[in-house]
Amino acid sequence: MQVKTQLEDIQNYLTDSSNMPGGNAERLFIPESADEIAAILKDANEQGIAVTISGARTGTVGGAIPFGGYVVSLERLNKIKSIDKGAKVAIVEPGVILGDLQKAVEAVELFYPPDPTEWSCQIGGTVATNASGARSFKYGATREYVQRLEVVLASGDIVNIRRGEYVSSDDGFIAIGETSIKAPTYERPNVRKNVSGYFNARPLDAIDLFIGSEGTLGVITEIELSLLAKAEGFFSGIVFFANSDDLLGFVDEARDLSISDHKFEISNSIGATLIEYFASNSLKFISEKFPETPDAAGAIFFEQETTAESEDALLEQWNALLEKHNADLENSWFATNAQDHEKMRAFRHALPLTANERYSRSGFRKISSDMAVPVSEFSSLLKFYEDQCGPSGIDHVIFGHIGDCHLHLNLFPKTIEENERARHIYGRCIAHAIMLGGCVSAEHGIGKLKRKYLAAMMGERYLNEMAEIKRAFDPKGILGRGNMFDESYL
């Protein structure tokens, strides 16, 4: 295990993709086993020293940024321990890169669906934030695939939590070893994606508390993931619309046709794996890298799994649906082979990456929304975004997971005055999403940057219920200090 104390050795571990300033730490640990992590936590817990877990640091909400104490990097716990093709199960350490796992399972004709924008993230980070991405429309978020976790608690104790093993009783209590907690009473919003606070359900499986807990309950050191069979083929399209009402009508019908109780099956009828949106200003922005992008009111990227037997019939069904909603088929792009399909995925991922590149040196952080609302309220949220941003004159893009009623609004202020106005716009958008019954974070998490918005969404009573769970597993509050909670709750 490496231990470093010099600033030049620690500097790279004091920031993440949020660019939140002020990170500092006394010591950096780079362990190579769960036992070494257990020893670090036991010592830190006895002394009351804060511990921040560091992965690939691709998060956007400041969760990996320490403000004092120790940093524990999981980069050396990076082994894919096994992939069982017959059982469709992978066992990995938390430092495994998502892209590497996806390539490894694909090599044995299997498929791991979660696909957040940043493929260089680590699996442990995706579990800690319940990461999702575009394909969550069909396949759900990371939670759907986690079957077992090895976790080091703040005390240094190592526990194995298998799905279905620790489930709340009728009175709401769960016991894990010597730790007993009571499941919270809050109900989660009726949205398709939500990583705002600790998960809750009736009954509540303890493994789901740790998934999405952002490093505040324990350190994940081993993960067992379920895998799926690799699809035989894909049909995908990036389709442009001259009229926004036509685009939204297409999305509504494609969503309704795609939703199924058998979501992991390959369908012989319309069943999109993803439905992604680009507003007109997003298309102008991305045309810098893709000059062949036509002028349009908006565009939709969709993807459908196919077999040799179903491909022709599916092409006809999608074509009929697009014609019905007046898509600009002449200027739209379609792919049925892997090479063209990957170009379309590159188009989708290029937008947030280009935005980060352009504004990373502007002196201001981009202001990015991550709210989701119920399906019935989506049009109200989109209109509110447009009404707030259009007249503001502030550079912005709107894009994202329209199938899940979850869009990203990115504001790019260039002056102090614009920065102030952008923050007011963001606050109004948060308030509107909460009013519509939505959540303040659909996939990025809360971290340190969105604590006050989680408080606005949940209220003091339910934050206190979350804090009780945190105190049960981490009485001294050493883990992920500052993430999710203001310290006054602990």
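I count a residue as buried when its relative accessible area is under 20%. The model I am reading is predicted.

**Entry 1, strand β20**

I started at β20, residues 406-412. How many of the residues of β20 are buried? I found seven of the seven buried, so the strand is largely enclosed by the rest of the structure. I then looked at where the side chains go. H406, H408, N410 and F412 point one way from β20. L407, L409 and L411 point the other way.

Next I looked up the partners of β20. Seven bridges join β19 to β20, and the two run antiparallel. One of the pairs I checked is G400 with L407 of β20. β18 is also antiparallel to β20, through two bridges. There I noted S368, whose bridge partner in β20 is N410.

I followed the chain from β19 into β20 and found a hairpin with four residues between the strands. C405 sits in that turn with a positive phi of about 55 degrees.

**Entry 2, the seven-stranded sheet**

I wrote down the strand order of the sheet that holds β20: β17-β14-β16-β15-β19-β20-β18. This sheet is open and its pairing is antiparallel. Which strands stand at the edges? They are β17 (333-335) and β18 (367-368); each has a single partner strand, so one side of each is left without a neighbour in the sheet.

I also looked at β14 (residues 233-241) and β16 (residues 298-306), which are antiparallel and joined by nine bridges. In this pair G237 stands opposite F302 of β16. Helix α11 packs on the sheet and touches β15 (272-279), β19 (395-401) and β20. The direction of α11 makes about 10 degrees with that of β20.

I took α11 (residues 378-389) with α12 (residues 416-435). Their axes come within 10 Å and cross at roughly 165 degrees. Angles over 145 degrees count as roughly antiparallel, and α11 and α12 are therefore roughly antiparallel to each other. The crossing is right-handed. On α11 the contact is made by S380, L381, F384, Y385, Q388 and C389. On α12 it is made by I425, R428, C429, H432 and A433. I sorted the contact residues into seven nonpolar, three polar and one charged.

**Entry 4, the four-stranded sheet**

I then went to an open sheet with the order β1-β2-β4-β3 and mixed pairing. β1 (2-4) and β3 (51-54) are the edge strands, each pairing on one side only. The twist from one strand to the next averages 20 degrees. β2 (residues 27-30) and β4 (residues 70-73) run parallel and are joined by three bridges. L28 has V71 as its bridge partner in β4. Helix α2 (residues 34-47) packs on this sheet, touching β2, β3 and β4, and its direction makes about 165 degrees with that of β4.

Most residues other than glycine have a negative phi, and most peptide bonds are trans. I looked up some exceptions. R57, in the loop between β3 and β4, has a phi near 60 degrees. E214, in the loop between α6 and β12 (219-226), has a phi near 55 degrees. Is each buried or partly exposed? R57 counts as partly exposed at 22% relative accessibility, and E214 counts as buried at 9%. The peptide bond from R202 to P203 is cis, with omega near -5 degrees. P203 is in the loop between β11 (179-182) and α6 (206-210).

Key: Residues are numbered from 1 along each chain as its sequence is written. This is a predicted model: local features need pLDDT of at least 70, side-chain atom pairs count only at pLDDT 80 or more; totals for chains, interfaces and linings use all residues. Side-chain values use heavy atoms; hydrogens and water are left out. Axes are lines fitted to C-alpha atoms, for helices over the stretch in contact, and angles run from 0 to 180 degrees between N-to-C directions. Angles under 35 degrees count as roughly parallel, over 145 as roughly antiparallel, 65 to 115 as roughly perpendicular and the rest as oblique. A crossing is left-handed if the near helix is turned anticlockwise from the far one by less than a right angle, and right-handed if clockwise. Contact means heavy atoms within 4.5 Å. Ala, Val, Leu, Ile, Met, Phe, Trp, Tyr, Cys and Pro count as nonpolar, Asp, Glu, Lys and Arg as charged, and the others, Gly among them, as polar. Two strands pair if DSSP finds at least two bridges between them. Buried means under 20% relative accessible area, exposed over 50%, partly exposed in between (1.4 Å probe, protein chains only).
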